[in-house]
Amino acid sequence: MSDTTLYAQRRARLAAQLGTGGIAIIPTAREQQRNRDSDFLFRHDSYFYYLTGFTEPNAWLVLSSEGQATLFCQPRDAEREIWDGIRLGPDAAPAALGVQRAVSVSELDTQLPKLLENRSTVWFPFATHPGLESRIEGWLQPVRARVRFGALCPDQQRDVCALLDEMRLVKDTHELDIMRRASRISAHAHIRAMQRSAAMLRAGQEVREYHLDAELLHEFRQHGSQYPAYGSIVAGGANACVLHYRADQGLIRDGELVLIDAGCELDGYASDITRTFPANGRFTGPQRALYDLVLASQEAAVAATQPGARFVDPHNATVEVLAQGLLDLGLLDKHKVGGAQDVIANRNYFQFYMHRTGHWLGMDVHDCGSYVEPSEVGQISERKDPLSGETIKDRPSRILRPGMVLTIEPGLYVRPAEGVPEQFHNIGIRIEDDAVVTANGCELITRDVPVNPDEIEALMRS
């Protein structure tokens, strides 16, 4: 199947859900100024790209319920193309992208009222493009002015993200192929950083977090990734206990652990890998004990990731293993907190594990898609959070189905505190893999970089 056919099929699926007289308006992202004459590197809007495969800025897709796709894009401009590169232009767009019609974006304000006239419902992405609601109101004003001449003005506005989120949640074979390739690139970038850390320390060289970040970026670009999927986390020693730490100037010290959370974006799709490894290639006893616990919790989560299970099941499996392990290692005192089920019920583990075990993954690193099962959204139960005292409203967690992609990323973060054994102080560990739900379980597409501690040590010796 050609890419043009693929995007056309997606548009047809969306059009069929717009209802009689529906019309969808979907812009791409705006260009953002970084400072003075310099812009941030442009990255398209994911919803727009999902339906068009078009990566140029300043573009809009208008799709009717009958399946008529109109693309508004930048016209060819010989002078601007000297500076910014060749544009596709409206004349070439229909053949290149498979849309029925393409118009210069300069005609957007003139054409939109005509396209909206005699429509019943306007679909657009809610709360994602600042000012979009006001523009749509502006386009509807001339339509309303023509009502006395028999024109119909749309009387409903609906969020097109609700439809597209469901479409994007289950990946097709084209998407999974790209995500597997992105995962391979990212896995080898992690290997490169691991080996570089050990080699520099063996050579007596100073190692800083930015040295390892540079290895990641090199491997990403060397193999065709357009950019990192998110700001890479390279955290040495105690910095690993900061969940969203960024690669900076921190010193990588012999005898400490390094946590790297990094993944590339390839052709619009993200990968997301975290590995924790000894900077010098050899785990200490306390490091290995905590690492083994986190790895065991991830193995439990992987086993729980299967079709028919709930999205929350891998997290619950992780917490069960971590709760018992924290007691066994003495990080929690059983005389004060009770047994593992007490630790879970009272969330005593939260001191060391304060995030969920995964999220959806796709075009966005924290991808779209509801975490609540749509057919059960009306079922609500209440509980009191033992830590905050707040009343939490729970709805049934999403049922996992083949083609969904999620991360599995348990961790432990041990800050110095009263009652916490000193040998574990300032150790932060997270292990993260990307999992495709399959007919029989799940496929981990990021295991080109090992998680087994013996394999990590062997890798870093080479």
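Mentor: Three strands, ordered β17-β20-β21, make up an open sheet with antiparallel pairing; strands here are DSSP E runs of at least two residues, helices are H or I runs of at least four, and both are numbered from the N terminus. Two strands count as paired if DSSP finds at least two bridges between them. The edges belong to β17 (405-408) and β21 (442-444), each with a single partner strand, so one side of each has no neighbour in the sheet. On average, neighbouring strands in this sheet are turned by 35 degrees against each other, direction ignored. Axes are lines fitted to C-alpha atoms, for helices over the stretch in contact, with angles from 0 to 180 degrees between N-to-C directions.

Before going further, a word on what you're looking at. This is a predicted model, where local features need pLDDT of at least 70 and side-chain atom pairs count only at pLDDT 80 or more, while totals for chains, interfaces and linings use all residues. Residues are numbered from 1 along each chain as its sequence is written, and side-chain values use heavy atoms, leaving out hydrogens and water.

Now zoom in on the pairing of β20 (residues 433-437) with β21: this antiparallel pair has three bridges. Pick out Val437, whose bridge partner in β21 is Cys442.

Finally, look at what lies across the strands. Helix α10 (residues 285-304) lies across β17, β20 and β21, and runs at about 160 degrees to β17. Contact, by the way, means heavy atoms within 4.5 Å.
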